[in-house]
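Good morning, and thank you for making time on the agenda.

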Amino acid sequence: MKGEIFTGQSVIAEKGVEPSPPRWGFITNPLEQPGQGICPDVPHGHRGLLGCNSAILVPDQARGNIRIPARDPLTQFGSIPPLRWNQFGGSLGGPIRKDKIFGFFDYQGTRARNGGSIQTYVPTQAERAGDLSDLGVPIYDPTTGNADGTGRTQFSDPTRATAANPQGQNIIPQNRISQQATNLLNLLPMPNFFPPGALPGSNNFITSGVQQFDVNQFDVRVDHYLSDKLRYFGRYSYGGYYLNTPAAFKTAGGPQLNGLSFEGISDARNQNGLGGLSYNLSSSLLADVRFGVTKYRVFVSSPDAATQLATTVGIPGLNDPNRPDTWGLPDLTINGSGGFLMGYQCNCPLNEQDLEYQGATNWTRLYKNHTFKWGADIRRRQNKRLPSDQHRAGVYPFNDSVTALNDPTNLNNPVVGGLGLASFLLGDPSSFSRFAQISTTQQDVQWSMYYYAEDTWRITPKLTLNYGLRWDTWFADESLNSGQGGRYDVTTNTVFIPGVGGVSQSGGVNTQYHNFSPRLGIAYSLDPKTVIRTGYGRSYFPGTFGWTFNDLAADVYPSIVSQSIPSASTFFPVEFNPSAAPGTPSFGTAPPAAVFPAIPSTGRFPLPNGIGVSNIPTNQKIPYVDSYNLTVERAVFRDATLSLGYVGNVGRHLNDGWNLNAPVPGPGSFTSRQPLFAEFGLTQDIFNKCNCASSSYNALQAKFTKRFSRNYSVLASYTWSKTLDFGEFGTESNQYNYRVDRGPAVFDRASIFTIGHTVALPFGRGQRFASDAGRVLNAFIGGWEWSGITSVESGLPFSVLMNNTSLNTFDMNLRPDRIGNPFSGTCANGAHTQTQTCWFNPTLGVAFADPAPFAFGDTSRNSLRGPGLFTADWALHKTFQLTEMLKLQFRWEVFNAFNRINLQNPDNNINDAKAGFISDIAAPMRNQQFGLRLTW
């Protein structure tokens, strides 16, 4: 019997990752994750068959994993946030009945405490009292002037005049400051970071926090060999994941801490059961049948969800005492110079539960020089999702345009001044939105089926051909219960209710049946040292969650009401009281309650105003990717090969969309320029879910492989590539011309060089040095291996943006005109470009200029690139032979071994005081980890 005990091995647990359909129809298991480190050199899903066994050890602190982090030089000027990563577990397996029944069990636990920190902004004491003169931006009173924002009076308070500000300009009188804003600011800390030479509005607060991440995973598997031809197995897998991450302002929320990528509390659980049978019908015909069930659930909440904080600070109509799901602070976004975030920015509360049944069969037939394979995979998936895509306590953005002046005489930029912080102090939000829900039983159901057939044909000893065909079908998403969920058709402004009045359970959406995917691969041995390979394949996939599945019942009107109330003009706040005078503060007024409609017997009714929905076409197309490659591989010397290749793909019918009701840029009120207001009287956002985007990837790839011999192995690769698309989940800028957003993908790195190595150090018996070492000396100096991966990557792209006030619209980003080199000259702080404090020059008139009024700039999307990335993750490890059967492995792993500062992309809004400034790192500083593994 074999076994092992381990502590301190690194693991990454995938929480809630949805399995995609397998290439040829095999059962998938989202709990089987690579790199878990339980059984050496044994794939996780096969340990029971191969007999890797172990016992379990739960270490105390001294015997657990030790991690030593280095300081983040941009956000950690004081103490380093704690970093603890303890991992423990093992596996146990062996025969239950000799040569017939085998059992296997493994457990793995992780207790991680990961520190994160951030630079951000909080208002100063003077700013909280209304004195915004330090920010250097004129602010105007929205209760003065005309309906188009002209003729406004600049704020001033002569009673607080100073020698530097003798007129007291840009100071809001204290009797105009909203009590709600004051109460909210009392929840924020004061500035604690004062770097020399910092410009007004620059980050002035540094904080840190610790993320709690606890994982428990185990597998149980039994294999029964009935005969040489027939065997079957059963397996159950469990994964429990608890994640608790604070935000920058703790209970008051705020921005996420860098490096932690989440804020809030997540409690997730994955379960998977699988049974399979394999039968050899003959020496040339094999078959297997499998059936699996996967169950997933996740609950997400925020630390402020237990209190009615919105009510406490005086914002009415948000926290319903009888509905705890509406408690906590709203999401508050204060834009522009001096801006900040409050409230938790997570999708919380969230209650999601997913259940999938899956049956699959695979057959293999050997015939002469052919290997035929075919199979099928049938699935039924059911999902309950009660989300908060818009916070249930409300979402309030505060824009600078509300306190700006419209000056038509300024032809270059008619919008003068304005601060989101001023709008916040006045209690003047630009819009309001939230999710509301009363039913909790709505669920989506979808069937899918996948069939395939392929043949590997060895035509000659030199030439092999692989060809095949897949047929994938995702049936239209349906509502489990009639009368729940809905589908909106913008062409008639009609909501269709599934299962009511003759409306189908899919709401009228059709199934696409023609998803056929050919595959072709050719390999040819030009000579004993050279192989040429080429291939082509098409792959269909369901796209983003919520597009072809979970788009009908779970989080769709009228089961969930998504309120969307815009302001009448970019220069005025949203008003909840129709009789209120323009510019009247609305922060202290309750928004209208969400109204849930009565479902008519016809199953059809018009969409009312103020309810945000998505338009879902009846013939939604399934996305696909065409992939192709050509590679030449040659053995260049003993144990080494070099390959060169071209790799490419194109994506078609990819998920995208735009706001069908965004005001067309131009003068006048929003409603005068909203297409759906003119047709149906709608003022809210209507998102068009279309599968109309595309992408492309083209790469030159080179790879050198030196297999392990003479004490070392090397795998080096270089990729020169470009990925183009139209953005992430929707149009970024012009909602009526998404094509202007074609540019490099946000993840595109033009050049990537990676080298992996394993080196057996030349010390100890049989090595170059101390080859005759005695047993004791050899135990210490022999058997050491140095391994690692080193990567050098070019920078990620980013777009240069500016405030979009001159467009007089919403939901559209604005890029400036480009007139020069963004990497020339110096920034306002005197720093040179391509440095941490001045990555690019945002000064207007140098590289960028204001576009014409109501026009989009000519700077393309993702046209600049940020800092590159260099990482070296190395390890030193040795196995000690304690007895004939007992081994102890020691590992010392160092991530970012050179402690290199890898900078993030900079602030990209040229109107921000922090434009061009990089406030954090893209990858952690050096972390060191020690681990032990005992095997027998």
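Lys-878 lies over the face of Phe-880, 4.8 Å from the centre of the ring. The rule here is that a charge sits over a ring if NZ of Lys or CZ of Arg is within 6 Å of the ring centre and within 35 degrees of the ring normal. A further case involves Arg-221, whose charged end sits over the ring of Phe-233 at 4.1 Å from its centre.

Before I continue, a word on the basis of these values. This is a predicted model, in which local features need pLDDT of at least 70 and side-chain atom pairs count only at pLDDT 80 or more, while totals for chains, interfaces and linings use all residues. Residues are numbered from 1 along each chain as its sequence is written, and side-chain values use heavy atoms, with hydrogens and water left out.

Let me stay with aromatic rings. The structure holds 36 aromatic pairs. Rings of Phe, Tyr and Trp (its six-membered ring) pair if their centres lie within 6.5 Å; planes under 30 degrees apart count as stacked, over 60 as edge-to-face, and the rest as tilted. Why is the pair of Tyr-628 and Tyr-646 called stacked? The ring centres of Tyr-628 and Tyr-646 are 6.3 Å apart and their planes meet at 25 degrees, so the pair is stacked. Tyr-628 belongs to strand 27 (residues 624-637) and Tyr-646 to strand 28 (residues 640-659), so the pair ties together parts that are 18 residues apart in sequence. Helices (H or I, at least four residues) and strands (E, at least two) are DSSP runs, numbered from the N terminus.

Both tyrosines can also be placed by accessibility. Tyr-628 counts as partly exposed at 26% relative accessibility, and Tyr-646 counts as partly exposed at 35%. In these terms, buried means under 20% relative accessible area, exposed means over 50%, and partly exposed lies in between (1.4 Å probe, protein chains only). Elsewhere, one aromatic cluster is formed by Phe-340, Tyr-396, Phe-398, Phe-424, Phe-432, Phe-576 and Phe-587.

I turn next to the cysteines. A disulfide is taken as a pair of cysteine sulfur atoms within 2.5 Å, and by this rule the count comes to 3. In one of them, Cys-346 and Cys-348 have their sulfur atoms 2.0 Å apart. That link is right-handed, with 55 degrees about the S-S bond. Cys-346 is buried at 9% relative accessible area, and Cys-348 is buried at 1%.

Cys-348 also takes part in a backbone feature: its peptide bond to Pro-349 is cis, with omega near 5 degrees. Pro-349 lies in the loop between strand 10 (340-342) and strand 11 (350-367). A cis bond also joins Tyr-557 and Pro-558, with omega about 5 degrees, and Pro-558 is placed in the loop between strand 23 (530-540) and strand 24 (560-566).

Another disulfide joins Cys-690 to Cys-692, with an S to S distance of 1.9 Å.

Cys-827 and Cys-838 are 11 residues apart, and each lies in the loop between strand 35 (817-818) and strand 36 (848-849). Cys-827 counts as buried at 8% relative accessibility, as does Cys-838 at 0%.

The loop between strand 36 and strand 37 (864-865) deserves a moment. Pro-853 lies there and counts as partly exposed at 26% relative accessibility. Phe-854, in that loop, has a positive phi of about 65 degrees although it is not a glycine. Phe-854 is partly exposed, at 32%. Asn-862 lies in the loop as well, with phi near 50 degrees, and counts as buried at 6% relative accessibility. As background, most residues other than glycine have a negative phi, and most peptide bonds are trans.

That concludes the tour, and I am happy to take questions.
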